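I open this notebook to record what I looked up in the structure shown below. The entries follow the order in which I consulted it.

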Amino acid sequence: MYNQTEIIKDTSELGADGELVINMGPQHPATHGVLHLVVTLNGETIKKIEPHLGFIHRSIEKMCESLTYRQFIYVTSRMDYLSSHINNLGCALLVEKGMQIEVPDRAKYIRVILSELTRIASHELWLGAMAMDLGAFTPFFYAFREREMITDIMEDTCGARLTMNYIVPGGLMYDLHPDFQKKVKAFITQFKSKVTEYEDLVTNNIIFQSRTKGVGILSAEDAISYGCTGPVARASGVSCDIRKIYPYEVYDKVEFEEVIETAGDSFARYIVRVKEMNQSIRIIEQLIDNIPEGDFVAKTKNVLKLPKGEFYSRVETARGEFGVYVVSEGGTTPHRIKFRSPGFSNLSVLNHIAAGGMIGDLMASMGTLDLVIPDIDR
Amino acid sequence: MTNEEIKEYISSLAPAANYDETGEWLNILVEPTALKPLMAALRTGKMQMNYLFCVTCVDFKTHLTMVYHLSATTHRQSIVIKANVNRDAPVIETVCDIWRTAEFLEREVFEMFGVNFTNHPDLRKLILEDDFKGFPLRKDFEDPINMIKL
């Protein structure tokens, strides 16, 4: 660790250039969580960024080794808390794959609708927070107005607003709230009438554009090499949407586009997420009136035992590819479990895209990576 | 490519490799010394495995197993490369000059399992504190203060 501000090299070694090390975080207002960046500067130019992680490391992988296959799903809501539904879904899919449980159609439809609502809520929060990082305070309230409707829908059906824990191996914990469809339709109407406000307020804003265009450029080769997924990679022209490549649940039955931009800068990452919200609305519209009747959960044994072997499942969260890798010895608890979190790989690219740029541009590069710290630290 | 073709191709690169087809993907077990040349050939050769999406380690109490999940953005076929390393002095060569995502993933494996990656540019603890003793994800790790076992 370094002191708060210290000059580590005197100017004589480096000619006219000095080197200044500053600490951003762990309590910086723009890091949205406890991420500590040690930034080496030369004047205003960034020479190197070194992330220091682990302030909220809870050793979730070790914890899961002593939890049963029904219990460990609840811990995963606490990793990427903005995509908790989709994390739960990834784990449930793994158990269903290992035990060959056939999930009822009703559960599949509801899972996809809730996943897409979660994705919109996550992108809304990101939009507000990202605009606030760049000094625009108003978009935060606009984004939270719509997000609030989603959290209300989640509260009715799942009983929680953030860490839902609604998806269980075999289906869902209980059936939908009777008002679910009515409220989702009200949300879609509201969202569609308000989404143009984001365009006026943020997308077409000349200050926002000049702060993000050409900032933090990531090429397609580097995006793949660094393991970037989700909107970060898609803004660089890499096709990586798990919903399209390896469709799960009913994603192969709905029509939607994988949003791909080629510029690779912060503005492209912004555009990808805004367009993705519209695609999520499109998916929900196709499913909301067609939820089949029937059971919402398959009949499973009380104690779940995965056969001996190795299992891997992956889903597309709001941040990218979330993978679960389980090594089973045939018992009721996993022998080893590994979560491939999208935020971890997306963070590792930060030094690459921000080094050489200005310190003022760091916020735009980092904000558009959409880092969620509990997902990185686990 | 089918599994048979991949096996044939890999046998030409690493003759001592063992195969396991029971799981979802083809598992290839190689010696730790043969890992680096095989990985380099998989990246640049005809398979073009440009996407390393998961690097981890598993403690089997008698030995540690490094697990690399590889895929390609062109043909989307996934394979798993494994290498058993000695539990008392685990050493393996780094792959972070082939896939840059491996730099952080290997740092995590280093602190959690104690595997030493030779030629790694910056092998330090990433998540744990600098003075942390022990390797928490090994099966014999005991922490009397912060109980994480049930």
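Entry 1. Which residues in H4(A) meet which residues in H5(A)? I note first that the model is a predicted one. From H4(A), I listed A:Leu117, A:Ile120, A:Ala121, A:Glu124, A:Leu125, A:Leu127, A:Gly128, A:Ala129, A:Ala131 and A:Met132. Their counterparts in H5(A) are A:Pro139, A:Phe140, A:Ala143, A:Phe144, A:Glu146, A:Arg147, A:Ile150, A:Thr151 and A:Ile153.

Entry 2. I looked up the geometry of the pair. Helix H4 of chain A spans residues 105-133 and helix H5 of chain A spans residues 138-158. Their axes lie 8 Å apart, and the packing angle is about 160 degrees. Because angles over 145 degrees count as roughly antiparallel, I recorded H4(A) as roughly antiparallel to H5(A). The crossing of H4(A) and H5(A) is left-handed.

Entry 3. I turned to the domain division of chain A, which gives domain 1 as 5-52 and domain 2 as 69-377. Over C-alpha atoms, the centres of the two domains of chain A are separated by 32 Å. I found 14 residues of domain 1 in contact with 16 residues of domain 2 in chain A.

Entry 4. I examined the side of domain 1 of chain A that touches domain 2 of chain A. Strands S3 (36-42) and S4 (45-52) of chain A each supply at least two of its residues. S4(A) provides the largest share, six residues. By class, this side of domain 1 has eight nonpolar, three polar and three charged residues.

Note on methods:
Residues numbered from 1 in each chain as written. Chains lettered and ligands numbered in written order. Predicted model: local features only at pLDDT ≥ 70, side-chain atom pairs only at ≥ 80, totals over all residues. Domains from an automatic or database assignment. Contact = placed C-beta atoms within 7 Å. Helix = DSSP H or I, 4+ residues; strand = E, 2+ residues; numbered from the N terminus. Nonpolar A, V, L, I, M, F, W, Y, C, P; charged D, E, K, R; others polar. Axes fitted to C-alpha atoms, helices over the stretch in contact; angles between N-to-C directions. Parallel < 35°, antiparallel > 145°, perpendicular 65-115°, else oblique. Left-handed = near helix turned anticlockwise from the far one by under 90°.
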